[in-house]
Amino acid sequence: MKKLLLASAAVALVAGAAQAETVKIGILLGFTGPLESVTPMMAKSAEMAIKEVNDSHALLGGDSVVAVRGDDTCTDAAAATAAAQKLVTSDHVNAIVGGDCSGVTGAVLQSVARPNGVVMISPSATSPALSTAPDDGLFFRTAPSDARQGVVMAETIMKRGIKKVALTYTNNDYGKGLADAFKAAYEKDGGKVTISVPHEDNKADYSAEVGTLASAGGDMLVVAGYVDKGGKGIIQGSLDAGAFSKFYLPDGMYGDSLLKAIGKPMDGSFGDVPGIDSEGHKKFLAMAKAAGFDGTSSFTGESYDAAALIMLAMQAAKSTKSTVFKDKVMDVANGPGTKILPGELAKGLKLLAEGKTIDYEGATGVHLIGPGESAGSYRIYTVKDGKQVTDTYIQ
């Protein structure tokens, strides 16, 4: 009888092992392109959440998760679509963290995610146009829409007594959407935008754009661009020409590479980036430091949260199929239920396995509204001695 029981137990173990699956999550970000200096930290954040779940052995009875990276280039829709298609048809990912920039994210959503029924959770695509894009319930984002950021920018600039600015934006969905949102909010608050000028990325010379901006004047230049591309070029050109000495830097312009490239002249400029001062954020920063990367870099917390939401939704739905677990993303994000912070994914998975509910707050105080996008919190900062020093937080 003892031998029979042992044999039965062995069979059960083999059967359990056989039922365990390998879940694949695509990490589709701009590893090359205008955000290439910040993308590595975003990817490491998402992969930190994946490692946390793997270490717990609690996902769907022991499923393991593998991260598969893809390069969406941030700006090339054709390259992004091809990378996403490979993730879906060749690598057979179950879901995607990404894309990062708004234009490529929209292209991937319509050309790859919707036709194949694959969930996408973007940590950084912020164009207001994505709020109303057809998505079959497959698209979410842990970063807030630029409709909200435009208001935050306007309020922040007006509070500092600056009532006349020039505006330039990268000529794509992200830049135009943010510029339009800011201009409308700023002028509603009584400010004046002297001129709004688009710029292209990857140009060697921005003197024409700088000359046009300078001729219109303004007490500062608002740069809705990219930290490693045209935005940086516009700022350097403005400083070289003596056109502007102070700049407003929204989320796409947040990064140490800009401060290192330009140096002391950046002191006194200020801006915003999604961020929150919370218990969850502090835990995330400590985890990132222990993992060996900078958790204060742009959209790192949002990337951790995007990956975590995917895996928690799978657990809640008892399925790794996007068409099934997509209906649980809002449930695990908004509760009601037990609050789950970074480092507590095992706890969240266990509660869900027991049929209980959770309220995932994560690194960024996750709360999804409307079509599955973040309600939004922002960190306002000023550049001092080559560093982004926090002034306040806005929710």
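A pocket here is an open set of points on a 1 Å grid over the protein atoms alone, with protein on both sides within 12 Å along at least five of seven lines, and lining residues have an atom within 4 Å of a point. You are looking at a predicted model, where local features need pLDDT of at least 70, side-chain atom pairs count only at pLDDT 80 or more, and totals for chains, interfaces and linings use all residues. Residues are numbered from 1 along each chain as its sequence is written, and side-chain values use heavy atoms, with hydrogens and water left out.

Colour α9 (256-262), β10 (270-274), α10 (279-291), α11 and β16, the elements that give two or more residues to the lining of the largest pocket. β16 gives the most, with four residues. Helices (H or I, at least four residues) and strands (E, at least two) are DSSP runs, numbered from the N terminus. By class, the lining of the largest pocket has eight nonpolar, 12 polar and five charged residues; Ala, Val, Leu, Ile, Met, Phe, Trp, Tyr, Cys and Pro count as nonpolar, Asp, Glu, Lys and Arg as charged, and the others, Gly among them, as polar.

Next, click on D277, in the loop between β10 and α10. Leaving aside residues up to four places away in sequence, D277 touches K282 and Y393, where contact means heavy atoms within 4.5 Å.

Now show the open sheet of seven strands, which runs β7-β6-β8-β9-β10-β15-β16 with mixed pairing. Two strands pair if DSSP finds at least two bridges between them. β7 (192-199) and β16 (387-394) stand at the edges with a single partner strand each, so one side of each has no neighbour in the sheet. Inside the sheet, pick β6 (residues 164-170) and β8 (residues 220-224), which pair in the parallel sense over five bridges. A166 has L221 in β8 as its bridge partner. Axes are lines fitted to C-alpha atoms, for helices over the stretch in contact, and angles run from 0 to 180 degrees between N-to-C directions.

For a helix pair, select α2 (residues 39-56) and α11 (residues 300-317), packed at an angle of about 35° with axes 7 Å apart. Show side chains where they meet: M41, M48 and V53 are among the α2 residues, and Y304, A307 and M311 are among those of α11. This contact has 11 nonpolar, three polar and one charged residues.

How many cavities of 30 Å³ or more does the structure hold? There are two, a cavity being a set of points where a 1.4 Å probe fits but cannot get out. The largest cavity has about 100 Å³ of space, and L35, S124, Y226, G252 and F299 lie nearest its centre.

Conventions
Grid points are joined across faces, edges and corners, and a volume is the space filled by probe spheres set on the points.
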